[in-house]
Amino acid sequence: MREARCGCGALTVETPDDPKLVIQCHCTDCQRRTGAPFGVGAYFDRNDVHATGKSTAFARTGDAGRTLENHFCPVCGTTVFWFVEFNPDFVGVAAGCFNDPAFPAPNRSVFERSKVKWVTVPEGVACFDATSV
Ligand SMILES: [Zn+2]
Ligand SMILES: [Zn+2]
């Protein structure tokens, strides 16, 4: 098992060791959500992921026009996990919230059309101008 948590520790998520998919996303919403040039989401089967603690939901329409529901800690504001319309069986967990230097590398890099120029993507990652699904 792995554990992801928010900045203050009030919201935690337990997941299996291996994500089904890891996506590095350069979309404008991930840039705003993280305050960083890109977000990295680890996707797991929804039934395998268990959240503990209160979360506040914020639904938005992504750059591909589909709904995404972010869940963030109401105390510290860290977004820890989210649900995506493109795959209702999946839950995305913010990869950085695991604090694991050995965390699996991304399988895909998406929305490269808004990628910050100096960001480099690991070799061998499948790259997409917009969405991959
Ligand atoms: Zn928190
Ligand atoms: Zn994104």
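How many strands and helices does the protein have? There are 11 strands and one helix. The legends below refer to a predicted model.

Figure 1. The elements run β-β-β-α-β-β-β-β-β-β-β-β. The radius of gyration is 14 Å, close to the 14 Å that the globule rule gives for 133 residues, so the protein is as compact as a globular protein of that length. Along the principal axes, the C-alpha atoms fill a box of roughly 35 × 30 × 25 Å. Of the 133 residues, 32% count as buried. Take the contacts with a separation of 6 or more: residues 24 or more positions apart account for 52% of them.

Figure 2. Strands of a sheet pair through backbone hydrogen bonds, either parallel or antiparallel.

Figure 3. Strand 6 covers residues 56-61, and strand 7 covers residues 67-72. The two pair in the antiparallel sense, over six bridges. One bridge joins T56 to its partner F72 in strand 7. Five residues lie between the two strands of this hairpin. G65 sits in the turn and has a positive phi of about 85°. Does strand 6 lie largely in the open, or is it buried? Of its six residues, the number buried is zero, so strand 6 lies largely in the open.

**Figure 4. The largest nonpolar core.** In soluble globular proteins, nonpolar side chains tend to be buried together. Here the largest nonpolar core has 28 residues. Those with the most contacts inside the core are A4, C25, V80, V93 and C97. Which elements give two or more residues to the core? They are strand 3 (21-25), strand 4 (39-45), strand 7, strand 8 (79-84) and strand 9 (90-94). Strand 4 provides the largest share, four residues.

**Figure 5. V80 and the residues it touches.** V80 is among the core residues with the most contacts inside the core. Leave aside residues up to four places away in sequence. V80 then touches A4, R5, C6, L11, V13, S55, H71, F72, C73, V93, A94 and C97. F72 is also the bridge partner of T56.

**Figure 6. N99, a loop residue with a positive phi.** N99 lies in the loop between strand 9 and strand 10 (108-110). Its phi is near 50°, a positive value in a residue other than glycine. Is N99 buried or exposed? N99 is exposed, with 10 other C-beta atoms within 10 Å.

**Figure 7. F111, another loop residue with a positive phi.** F111 is found in the loop between strand 10 and strand 11. Phi of F111 is near 55°, a positive value in a residue other than glycine. Is F111 buried or exposed? F111 has 25 other C-beta atoms within 10 Å. The cut-off for a buried residue is 20 or more, so F111 is buried.

Definitions and conventions: Residues are numbered from 1 along each chain as its sequence is written. Chains are lettered from A and ligands numbered from 1 in the order in which they are written. This is a predicted model: local features need pLDDT of at least 70, side-chain atom pairs count only at pLDDT 80 or more; totals for chains, interfaces and linings use all residues. A residue is buried if 20 or more other C-beta atoms lie within 10 Å of its own, exposed if 12 or fewer, and partly exposed in between; C-beta atoms are placed from the backbone. Two strands pair if DSSP finds at least two bridges between them. A nonpolar core is a set of buried Ala, Val, Leu, Ile, Met, Phe, Trp, Tyr and Cys residues joined through C-beta atoms within 7 Å. Two residues are in contact if their C-beta atoms, placed from the backbone, lie within 7 Å. The radius of gyration is taken over C-alpha atoms; the globule rule is 2.2 Å times the number of residues to the power 0.38.
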